[in-house]
Each structure stands twice: as C-alpha cells, then as structure tokens.
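Keep the sequence and the model in view as you read.

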Amino acid sequence: MIANHDQTKQLPNELKSTFKELNVLKHLRKAGITKSLGFTCAYLFQLIFCLIFENKNWFRTHESKKSTDIPAKDAVYRFLNRSTYSWRRFLLLLSSDSIEKVSNLTNHERIKVLIIDDSSYDKNRSKSVELLARCFDHASQKMRFYKGFRMLTMGWSDGTTFMPVDFSLLSSKNSIINGMSDQIDKRSSGYKRRLEALQSAPEQIPTMIQRAMNTGIEASYVLMDTWFTHQPLMKEIKDQGLDVIGMVKNLKQRYLNNDKKVSLKELYQLASPIQEKKGILRSIQTTQANGIPVKIVFVRNRNKKSEWLAILSTDCTLSEQDIIGIYGIRWDIEVFFKTTKSLLKLQKEFQGRSYDSLICHTTIVFTRYIVLSWQNRCSTDQRTLGGLFYELCDEISDLDWAVALGQLLELLQDVLKESNKKIQKLIQSQLQHWIAGLPNYIKVYLPISVCES
C-alpha cells in the first residue's frame, strides 16, 4: 500500500512509469480534481487505484497492520462522494492523451473506430442507492430484471488496443426506485450527470461522440449492435461526419428499393447472392427511409445456420469483407466489460449510496484498464491483460517485504555509524558477504547505497 510519507514509493515500477508516461496526475489536476487541505486528491486516487492489486478491499485494508499509514475511511468516502469533481473531463483528457500515444505507434492509415454499447451495472443488494432503478438485462440469456443501472459506454479501438472514452450510468424515469438527492448543488458536474442519468441512450450518444471529437480523438466509423442501429440515431451520427457500421434486425424499419418501401426480410430476397465467399450470403445497396444510402451484407448465423444476420454500413465504398472485418472490432468492448467486472472489481469494490461515488469509482476502474491497455500495447511479449494484472499483483506483494528489508538494512547502517571502526569494518564485511550471496531478483529491491557500500 502507498506509504503516508511518500505517495509513490510503493507503486509498482511498471505503474510508476506508466503514470508518468500517461500524465495521469497531471490530467487529474487539469480536470480540477484538487484539494487545499488534508490528503491530496492525487494521493487518494493512487490509494484507491492500487487497492485491486493488493487483493484487498477497503475494509480489509483498514483491518491490516498498515492501517496506521493510510487515511481514515471518511477521507476516502468524502473524496468519492464529492459532486464538484469533473470525472468525465479527467477520463476524456486521459483517454485522448493515451489514444494519441497509441496512434503514434501505428500506421496513420490504420482504421480507427468508436464503439458504443451498454452493460448491466448490478446493485441487486442495494436499497438506498441514489437513482437506483429496475432495469432489464437484454444481453443475459435469462432475460432478467435487476436493480441497478445501465452502463452506456463509448470506447476507441484500432483493432489491437481498446481505450474507454466516456460513459453514463443510466437510470430510468419509469422504473426508478430512489430519486435524486435534493442536497446537490445544481451548478456542479454531479448534478448534470444526474440529469443525464434520466435520459435515454439515443439522446446521449451524439453528445458523447461530439465530446470525444472535441478532445481530438480521431475515428472513421462508429460501431453499434442491434439495440442502437436505428435510423434517426444513424442520421445524427452521419451528420457529425462519421459512418456507422452495425447489425440490424428485421423490425419496423423500412428501406427504399425502386421507390418502394420494403422490410429487411424482403430486402434479403431482393439482394444478389454472393458466390465463393464463405459465410457471406448476399449483399445489396439501398437507401433508408430517411434518405441515407447504405450497404447491407447478409451473413450466415453461426449459432443457427438456417438463419442469417444483417450488417449495415453507411459507407457504401467498402467491400463485403471489409464491412464484416471492421464490425468484428466491436468485440473489443465485450472483452472490456468482462475484464472490468471480473478482474478490476467494477461495481463490487466500494459500497456507496451516492451517485457521485459510483461515477468516481467507475472512472478509476476505467483508468486501471487504460493503464493495462497501454502496458499491453508497449509490451514486446504476448501477455494478455489478465496476465499483466496478475503480474502487477505479484510485484506489489513483493514490494512489501522488499521495502521492509531495505529499511532494516538502512537501520543497521545507522547503528554502525555510532560504533567504533573495528566493529564497523567487521560487520560491514560480513554484511557485504551476505549481500553478495543473495539472488539477483532480491538485490534489485535493495537500496543502491547498500549494494555499493
């Protein structure tokens, strides 16, 4: 855990260098997340950030022997519950800076996309959480209802690295359980995010995209699944200068073919069959009812080979293989949801009732993922994000005994200074002989002055 007298002394070496490379603490200050008294926001942020790598929650950390070196729980919960902190600005600054660094490592012609999807944010055991709602989990095979929020997320990907860019925890006007707190300053960032929580996803997506573009994030396509590929939303995204690639269902949406409105199922019958392309059945260029030209590719459903799936693209210049290949990048956000929930303790690490605490902790979890993604991109080996996560856990547990050993040696040196020269030489020679026999992986954790003296 981070020692009180030195805020970054026990950060893992990989994390320490990554924090500097990505300017994490600089973006924290730039977003206005600062304090004038007590523990600094940078210190509290790093403290919460490193909890996951200690394999302990906040309660167990306070019960441990290190509880004297860390702040009381009130300081941390005040930090989490602060409504004036602009966590969205921090995440946008951090992600845009990280994306720029990733883009510099690749060819500028490489396809870059924005991916939009939502996932369940369970709070089934909660009763008093602010803006808690009864939501429907459309992604679950059980098709269940749960208490919590819908986490609408937008991320950036180049096919290799995924970076979360923005998110919103959506409640529901019709199925809300707890209302909004009346003690929130209406000028604060927290109040604005509460108002957004009561909006629908299609209302927020164009604004999210515009915020990302304003911070300098570059992308050519927006990828979405069937829950978002509706014609009014696609028209708004197209007006922002981006093309949409997404899967569509046979719903009430109509397409124009020879001045006649047809359904998706009828369009499949009109489409030209494609030979010698495995899995691709048909494709057709048509126009949506709102006047946007699109190209639709029909592919075989792997789970049920008697059925087909339709992938739509507003960029009609792409080939069928390119449309399918680009849409395949959308899977990156599914991996992101799985990683944040299974490894990074999203929705589990802190139990707060304030909506601000949910926003703050989710942003910190997203920051963990950005750090791991950057390390994974810079790594020369084939480690996965999960592998990097467990390596960082091992390194932090090693640091505990390494720091203790270093402090013991420093204390021994201080005692030697007060003894006579004969005893000093005797003990020092014995100490150097002992250090010389240590394995190299232990020597690297010892202070340089101890190894050289």
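Accessible areas come from the Shrake-Rupley method with a 1.4 Å probe, and for residues only the protein chains shown count as cover. On that basis the accessible surface of the protein comes to about 23000 Å². Carbon and sulfur atoms hold 50% of it.

This is a predicted model, in which local features need pLDDT of at least 70, side-chain atom pairs count only at pLDDT 80 or more, and totals for chains, interfaces and linings use all residues. Residues are numbered from 1 along each chain as its sequence is written, and side-chain values use heavy atoms, with hydrogens and water left out.

Start with the whole. The protein has 17 helices and twelve strands. Helices (H or I, at least four residues) and strands (E, at least two) are DSSP runs, numbered from the N terminus. Of the 453 residues, 52% are buried. Buried means under 20% relative accessible area, exposed means over 50%, and partly exposed lies in between (1.4 Å probe, protein chains only). Contact means heavy atoms within 4.5 Å. Among contacts between residues at least 6 apart in sequence, 66% join residues at least 24 apart.

Now turn to the helices. Two packed helices are described by the angle between their axes and the distance between the axes. Axes are lines fitted to C-alpha atoms, for helices over the stretch in contact, and angles run from 0 to 180 degrees between N-to-C directions. Angles under 35 degrees count as roughly parallel, over 145 as roughly antiparallel, 65 to 115 as roughly perpendicular and the rest as oblique.

Helix H13 spans residues 355-378. Begin with its contact to helix H6, residues 87-104. The two pack at an angle of about 5°, with their axes 10 Å apart. H6 and H13 are therefore roughly parallel to each other. From H6, the contact uses Trp87, Phe90, Leu91, Leu94, Ser95, Ser98, Lys101 and Val102. From H13 come Ile359, Cys360, Thr363, Phe366, Thr367, Ile370, Trp374 and Arg377. By class, this contact has ten nonpolar, four polar and two charged residues. Ala, Val, Leu, Ile, Met, Phe, Trp, Tyr, Cys and Pro count as nonpolar, Asp, Glu, Lys and Arg as charged, and the others, Gly among them, as polar. The spacing of such contacts along a helix has a simple background. An α-helix has 3.6 residues a turn, so residues three or four places apart point the same way.

Helix H12 (residues 331-342) also packs on H13, at an angle of about 115° and with the axes 11 Å apart. H12 and H13 are therefore roughly perpendicular to each other. Phe336, Thr339 and Thr340 of H12 make the contact with Val365, Phe366 and Tyr369 of H13. Four of these residues are nonpolar, two are polar and none is charged.

What crosses H13 at roughly 70°? Helix H3 does, and the two axes come within 10 Å. That makes H3 roughly perpendicular to H13. Phe45, Ile48, Phe49 and Leu51 in H3 meet Ile364, Thr367, Arg368 and Val371 in H13. The residues of this contact divide into six nonpolar, one polar and one charged. H3 covers residues 41-51, and eleven of its eleven residues are buried, so it is largely enclosed by the rest of the structure. Leu44 of H3 is among the buried residues. Its C-alpha atom is separated by 8.3 Å from that of Ala75, 31 residues apart along the chain. Ala75 lies in helix H5 (residues 73-81). At 10% relative accessibility, Ala75 counts as buried.

Next, Met151. This residue is found in strand E3 (residues 145-157). Is Met151 buried or exposed? Met151 is buried, with a relative accessible area of 0%. Met151 and Phe337 are 186 residues apart in sequence, yet 9.8 Å apart in space, C-alpha to C-alpha.

Finish in the loops. Arg125 lies between strand E1 (113-122) and strand E2 (133-136). At 84% relative accessibility, Arg125 counts as exposed. Leu131 lies in the loop between E1 and E2, but is buried, with a relative accessible area of 0%. Leu131 has a positive phi of about 65° although it is not a glycine.
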